[in-house]
Amino acid sequence: MASLNSVVLLGNLTRDPELRSTPQGTSVASFGLAVNRRYRQGEEQREEVCFIDIVCFGRQAETASEYLSKGNLAMIEGRLQWRSWETPEGQKRSKHEVIANNIQFMPRSSGGQNGDAYEPARPATPSRPTYQPPSSPIMGGDGRFDEGPPLTDDDIPFVRPDLPDRYLSADHLPEMSA
């Protein structure tokens, strides 16, 4: 039976990422994400917030702890994981968390009327010149095809009025002889 464990979240960090290391030296960062859902109930506009714990590893954990902070908008792609442990007092605890595969730092809010307008990301400066297609006799100097005279049935090579209809049918394949 097929299954899929994929999560995509867009929300604001509820706390600064906490960077730790495993005994083997792998970096681990954890932080909270608040995801808002707005909906209408009757004539009233309502909002509910879901708080999700996020965990990331390796270089991504180091980058997240360096560049993200409480209140930043981030898009998280990952998988849902259930974790259980026992406290020093002997109580059993468990929780769901998202293990991040990809973290996208989103542009900061520009503080619109409702506080939900986003500042557009600036376009990246190209690292090399933009490709310009070469000019050719059948193309105009700007890379577009020139308009030519209108086409007729005689100009189209696959229209053969001399062939019987059976050769034009997809049901009929010519027999091959060995």
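Reply: In this predicted model, strand 2 and strand 3 form a hairpin with 5 residues between the strands, and Gly25 there takes a positive phi near 95 degrees.

Me: Okay, and in what sense do strand 2 and strand 3 pair?

Reply: Strand 2, covering residues 18-21, and strand 3, covering residues 27-41, pair in the antiparallel sense over 4 bridges. To pick out one of the partners, Arg20 is bridged to Val28 in strand 3.

Me: Stepping back, how many helices and strands are there in the protein?

Reply: The protein has 2 helices and 6 strands, and reading along the sequence gives the order β-β-β-β-α-β-β-α.

Me: New topic: which residues touch the most other members in the largest nonpolar core?

Reply: That core has 18 residues, and Leu9, Phe31, Ile54, Cys56, Ile76 and Ile103 are the ones that touch the most other members. Strands 1, 3, 4, 5 and 6, together with helix 1, each give two or more residues to this core, and the largest share, 4 residues, comes from strand 3.

Me: Which residues is Ile76 in contact with, leaving aside its neighbours within four places in sequence?

Reply: With those neighbours left aside, Ile76 is in contact with Val7, Val8, Leu9, Phe31, Leu33, Ile54, Val98, Ala100, Asn102 and Ile103.

Me: And what percentage of the residues count as buried?

Reply: Of the 178 residues, 19% count as buried, while the protein exposes about 14,700 Å², of which carbon and sulfur atoms supply 51%.

Terms used. Residues numbered from 1 in each chain as written. Predicted model: local features only at pLDDT ≥ 70, side-chain atom pairs only at ≥ 80, totals over all residues. Heavy atoms only, no water. Buried < 20%, exposed > 50% of the residue type's maximum accessible area, 1.4 Å probe, protein only. Areas by Shrake-Rupley, 256 points an atom, 1.4 Å probe, with all protein chains shown as cover. Pairing = 2+ DSSP bridges. Core = buried A, V, L, I, M, F, W, Y, C linked by side-chain atoms within 4.5 Å. Contact = heavy atoms within 4.5 Å.
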